Structure formats: structure tokens, C-alpha cells
Amino acid sequence: MIKRKVNNMLALAVLSLLIEKPMHPYEISATMKQRGIPDVIKLNNGSLYSVVESLLKQMWIVPLQTEREGKHPERTIYAPTDAGRAGFHEWIRELIYSPVKEYPHFPAALSLIGHIAPQETIELLHQRVGYIEKEIVERRASIELFLSRGLARIYIVEQQFILHQLESEFSWLQAFIREIKDGSFTELQGGEQVWLNSVPIFDDEL
């Protein structure tokens, strides 16, 4: 990975939109929301303006002009420099071809799951299944809404990727719960059952 002075994902999204056309920060924020970008990149006004300042300092963007609409304060319109365009394209290519080591919370919890009794683990996993199932429904509806508004798939491909991940996790969780219930998950070669916090599981209680 190349070391950059500006390296957060919001900066990448800002550059992307400015390469499409010069914009002021308010328009950048509105366009991100229209495309569902805040679902994958954290967005708030404070961080957006901080990113704009950082990109200016790195000379990846420049102010073009200011404009005023009615009683609104003046808004500065920004555009990318040649260095900003080159930096953006190098950055996005790198993110696509080179996997980044990430540390999501759920796999971390799974690595320590033996400290919770099997029955409680099943109950907790059922709760997670409920949340995931709800999010799948909402994500599908969101994608359909974007498409119905005429938004091209290229602008929501990340939504489809997230949906695929959710559906995969949903299927895996259901299979995992079944394995804990029938004992196959904790069964060793000699038939012994192992679980750090070993409380018996009774199917008629689940």
C-alpha cells in the first residue's frame, strides 16, 4: 500500500464526484446521499469539510469559483487537479486489486464464542439472524428504489455486494445454529463434546 497524506474513504468519494463535475460541498453531500454512499462510507458535514481542506492542502483539488443562491451563504465550487485525478485513479485501482486486512467485530466475537454457553449462543445467534433478515429486506428495497429512479447499476454495485454478503451470512448462521444444536460443531474425533462454557443443550427447550 502506498502511504498517502489523505487516506480515508470519504476523500476518495469526494474526488470521485469532483472528477464527474465540479461541485460545492453541499452538492457533494447531497449526491452521496442520493446514491447511498453513506451506507459504505461514513459521512457527516464536519468530516466532509475537513476532507475538502485536506485535499486542498495536498493540492488534489482547487477552488474554481464561489456562488450564492438567495439567502444561502456563499458556496465554493471545487475541481480536481491533474495530481488529484492521477492520485484518485491510482488509489481506486489499488483498492480493487489489493485486499486490505480488516478486523470486523463479528469474526472477533466468533473466535471467543466458547466462553458463552451453547444454549445462550444459539439464542444470541437467532437474534442476529433476525437483524440480518430485516437488513436483507431493507437492502433489497433500497436497491429497487434506486433502480426505479433510473440510477445506473454502476452507482449501486456496492449495495448489491453488501446484499450478497448479508445473504451469505444469513445462510451460514442458520447452518451454524443447526450444528450447535445437533452437537456436530463441538464433536471431537472420539465422540467427546467440547465447549468451554458447557451447559447441556435440550432440543425441546429451543
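Helices (H or I, at least four residues) and strands (E, at least two) are DSSP runs, numbered from the N terminus. The model is predicted: local features need pLDDT of at least 70, side-chain atom pairs count only at pLDDT 80 or more, and totals for chains, interfaces and linings use all residues. Residues are numbered from 1 along each chain as its sequence is written, and side-chain values use heavy atoms, with hydrogens and water left out.

**Exercise 1. The order of elements**

Task: State how many helices and strands the protein chain has, and give their order.

Solution. Step 1: the protein chain holds 7 helices and 2 strands. Step 2: read from the N terminus, the order is α-α-α-β-β-α-α-α-α.

**Exercise 2. The strand pair**

Task: Determine how strands β1 and β2 run relative to one another, parallel or antiparallel.

Solution. Step 1: two strands pair if DSSP finds at least two bridges between them. Step 2: strand β1 (residues 61–67) is joined to β2 by 6 bridges, and the two run antiparallel. Step 3: within this pairing, T66 stands opposite T76 in β2.

**Exercise 3. Cover and contacts in the strands**

Task: Classify R75 and Q65 as buried, partly exposed or exposed, and list what R75 touches.

Solution. Step 1: buried means under 20% relative accessible area, exposed over 50%, and partly exposed in between (1.4 Å probe, protein chains only). Step 2: R75 belongs to strand β2 and is buried, because its relative accessible area is 16%. Step 3: Q65 belongs to strand β1 and is partly exposed, because its relative accessibility is 45%. Step 4: strand β2 (residues 75–80) has 5 of its 6 residues buried. Step 5: contact means heavy atoms within 4.5 Å. Residues up to four places away in sequence are not counted, and R75 then touches H24, Y26, Q65, T66, E67 and E69. With neighbours within four places set aside, Q65 is in contact with R75, T76 and I77.

**Exercise 4. Salt bridges**

Solution. Step 1: a salt bridge is a side-chain nitrogen of Lys or Arg within 4 Å of a carboxyl oxygen of Asp or Glu. D39 lies in the loop between α2 (25–34) and α3 (45–57), whereas R139 lies in helix α6 (residues 118–148), 100 residues apart. R139 is buried at 11%, and D39 is partly exposed at 45%. D39, E135 and R139 are linked in a network of salt bridges. R128 is in helix α6 and E169 in helix α7 (residues 157–182), so the pair ties together parts 41 residues apart in sequence.

**Exercise 5. Aromatic rings**

Task: Decide whether the pair F176 and F185 is stacked or edge-to-face.

Solution. Step 1: rings of Phe, Tyr and Trp (its six-membered ring) pair if their centres lie within 6.5 Å; planes under 30 degrees apart count as stacked, over 60 as edge-to-face and the rest as tilted. Step 2: this rule gives 2 aromatic pairs. Step 3: the ring centres of F176 and F185 are 4.8 Å apart and their planes stand at 80°, so the pair is edge-to-face. Step 4: W172, F176 and F185 form one aromatic cluster.
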